[in-house]
Amino acid sequence: MKKQLTLLPVIIICLTQTLVAATDVSGVISSNTIWNVAGSPYIVTSSITINNGVTLTVQSGVTVKFNDALYMLVYGTLDATGAVFTSNNASPTPGIWSYIKTGGTTPTDAGTVIMNGCQVLWASYIDVYRGSNNLTNTDLLNFESYGAQINALGTLTMTGGLIQTTSLWASSYGSCIETNPNAHATLNGVTMKYAYCGIRLANNAGVDITDVNITICKWPVWYAGSADLTVHGTNLFTGNVNTTVNMGFTSFSDTLILPKVNIPYFFPSGMTINSGGRMVIGSTNILKFQLGTWLDVNGALVADASEG
């Protein structure tokens, strides 16, 4: 009985210390900073900005929790390994905190995000605005609108990992990879789920895929304009509502190469190849047109077995 009475206060003290171990963070990070396990979890109480030329290192085992609607702007470098970025809300919903945004409007604010073995949960999306995101074995889970949105001055390189949106908006309009015109992304071994489309290709965007798996989406790939899709390895597009590539635009004037994929290309509104335009169809591809539509060739059409 004496031993039980002696141990009880010690147990209470240890539990109390565990409950209060947290670090509030906010505002501008203006010098190189390390967030370590001793200070975890880090609670973002006001949106964070990492200044140009500054590195925030988030060490393995650290959890970063964002209060509702907050975000992180990376004008310098965010370097995270084995960390979790999530909501501070006890009952999180998709998009309850905003985003991690790389880069700003000023050319010097070209940020860099490096994540290795991390998880990002309950955000609206990852925004690659200016600079580069390099994600390795990193999961983007329970997002609201997109997995990653890439702008013209941004580049995403993602190897391994899962992108999964879980909101009604995402299943009706969103995408796991959302490109804006002239954006670039390289995806290797990435799985994408539960969005309206896995990859949305804007005009002049370039996406390189190797061994990706897009499933449980309405469309695996959606072309919103003449874009560059490059394929390698074995890419899986099964388990989607529509097992076709949606060609969701109606005309172009540049060169459009349709690489070899293992599902048909579907043209719901037909297609016009304008004067000066050129369509190259990769070997063994199948093109399907909605009843009552057509392919109008005012430029060049090349069905080339050596392409793709």
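Strands β25 and β28 (residues 271-273) pair in the parallel sense over 2 bridges, where pairing takes at least two DSSP bridges between two strands. This is a predicted model, so local features need pLDDT of at least 70, side-chain atom pairs count only at pLDDT 80 or more, and totals for chains, interfaces and linings use all residues. Residues are numbered from 1 along each chain as its sequence is written, and side-chain values use heavy atoms, with hydrogens and water left out.

**Overall picture**
- The protein has 2 helices and 32 strands, taken as DSSP runs numbered from the N terminus: H or I of at least four residues for helices, E of at least two for strands.
- Its C-alpha trace spans about 90 × 45 × 30 Å along the principal axes.
- Of the 308 residues, 47% are buried, meaning under 20% relative accessible area with a 1.4 Å probe, protein chains only.
- Take the contacts between residues at least 6 apart in sequence: 42% of them join residues at least 24 apart, with contact meaning heavy atoms within 4.5 Å.

- β25 belongs to an open sheet of 3 strands, ordered β25-β28-β31 with parallel pairing.
- At the edges sit β25 (251-252) and β31 (295-297), each pairing on one side only.
- Phe252 has Ile273 in β28 as its bridge partner.
- β26 runs parallel to strand β29 (residues 278-281), and 4 bridges join the two.
- One of the residues in β29, Ile281, is the bridge partner of Leu258.

**The nonpolar core**
- The largest nonpolar core has 76 residues; such a core is a set of buried Ala, Val, Leu, Ile, Met, Phe, Trp, Tyr and Cys residues joined through side-chain atoms within 4.5 Å.
- Leu78, Phe85, Leu187 and Tyr223 have the most contacts inside that core.
- Neighbours within four places in sequence aside, Leu187 touches a list of residues including Leu156, Met158, Ile177, Met192 and Ile199.
- Also in contact with Leu187 are Val207, Asp208, Ile209, Thr210 and Val212.

**A closer look at Ser98**
- Ser98 lies in strand β9 (residues 97-102).
- Is Ser98 buried or exposed? Ser98 counts as buried because its relative accessible area is 18%.
- Leaving out neighbours within four places in sequence, Ser98 is in contact with Ala69, Leu70, Tyr71, Ala123, Ser124 and Tyr125.

Conventions
Buried means under 20% relative accessible area, exposed over 50%, partly exposed in between (1.4 Å probe, protein chains only).
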